[in-house]
Amino acid sequence: MVDDHRVGMCLDRFFLVRVEQPPWLCIRVVRPAAPNAAQPAVDFACDLAEAKAKKIADTIAPGGEIVGDFSPLLDADCEADRQLLGHHGCLLSLWWTRRHRYHDALAFAPVASEEAFWSWLDEFEDTKRYIRPATQVAARLVTEAEFDWRGRELLLMDDVDWLTAEEFDDLHRGGGLARLLAGELEARSMSPESWRLAKLQLLNRALASDNAHNDRRAAAFRCIELSGYDSAAALDTIDRIVVSATSSDDLKGIAYALGTALERMVDNPRAKSMYEQLCTSTEPLPRQIVVEFDRLRRDRIEES
């Protein structure tokens, strides 16, 4: 179950699977982003995450029981969170519990004690919603990157909008999702670079469609995702949009997206240089991008 305020976000969903012989499984899959206003897209994103988790569970431990799932707000700077964010899996000692009202909605963390668990959870959840006491269990973290998805790359999307309309209809209503998940799933680890390239191929395909339709707003938001996979391409796209944008475009939306993408690449020397150039411009779009960038930097500094 995903909290309402994060319905449309791309996030990691963790499924806890009870097996006869410990350790249990803690399966991490990507739940792709989907526009909040498009309920079919949101439903598909959730269905996709659940289907991938079930396929992985059935591959590793046929007959295992999915106890429930959890979509925490993780921070790579937190030691406990880092254990859940690894590219490949590992053995964990988890403290876990359920919500009072939704028993398939869980919370768990690889911390040393129950007291540490409740303190960890209190950072981003109302702990009153959860049943006490928590229980400790040995579990193996399993990630999507431990399997061979060749021929099924569409399942690795970070955003439903990476699909064409025809692909979405087929996967959501036409049985395409079941077909992609049919057959044996081979356990073969993907390196971080192979993983990045698989995602980048899907993202570039979506960006090419944006460019073909002169949809600069969509391309600008695509830069946010692209910044995490190919910073040089993201910066090239930002530069192109700034030069080609017209007064008929949604300049406010474009400025927000490009400011966000630049802020995510703040340690990149070329991004710094681009920001400095934008600061000297008197044109409306560059000035708005700078405003968005500065606001995001202040927010990040205050959070830290």
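Is Asp299 buried, exposed or partly exposed? Asp299 is partly exposed, at 31% relative accessibility; buried means under 20% relative accessible area, exposed over 50%, and partly exposed in between (1.4 Å probe, protein chains only). This is a predicted model, where local features need pLDDT of at least 70, side-chain atom pairs count only at pLDDT 80 or more, and totals for chains, interfaces and linings use all residues. Residues are numbered from 1 along each chain as its sequence is written, and side-chain values use heavy atoms, with hydrogens and water left out.

**Salt bridges**

- The structure holds 25 salt bridges (a side-chain nitrogen of Lys or Arg within 4 Å of a carboxyl oxygen of Asp or Glu).
- Asp299 meets Arg295 in one of them, at 3.6 Å from N to O.
- Both residues lie in helix α11 (residues 284–303), 4 residues apart, about one turn of the helix. Helices (H or I, at least four residues) and strands (E, at least two) are DSSP runs, numbered from the N terminus.
- Arg295 is partly exposed too, at 30%.
- Salt bridges with shared partners join Asp148, Arg150, Glu186 and Arg188 into one network.
- Within it, the closest N and O atoms of Asp148 and Arg150 are 2.6 Å apart. Asp148 is buried at 12%, whereas Arg150 is exposed at 56%.
- Glu50 in helix α1 and Arg13 in strand β1 are 37 residues apart. Their salt bridge has its closest N and O atoms 3.4 Å apart.
- Arg13 is buried at 3%; Glu50 is partly exposed at 34%.

**Sheet**

- An open sheet of 6 strands runs in the order β3-β1-β2-β6-β4-β5, with mixed pairing (two strands pair if DSSP finds at least two bridges between them).
- β3 (65–70) and β5 (106–109) have a single partner strand each, so one side of each lacks a neighbour in the sheet.
- β4 and β6 (residues 135–143) pair in the antiparallel sense over 6 bridges.

**Aromatic rings**

- The whole structure contains 11 aromatic pairs. Rings of Phe, Tyr and Trp (its six-membered ring) pair if their centres lie within 6.5 Å; planes under 30 degrees apart count as stacked, over 60 as edge-to-face and the rest as tilted.
- Trp24 and Trp96 form a tilted pair, 5.8 Å centre to centre with 55° between the planes.
- Trp24 sits in β2 (residues 24–31) and Trp96 in β4 (residues 91–98), 72 residues apart.
- Trp24 is buried at 13%, and Trp96 is buried at 9%.
- Ring pairs also link a cluster of Phe14, Phe70, Phe108, Phe117, Trp118, Trp120 and Phe124.
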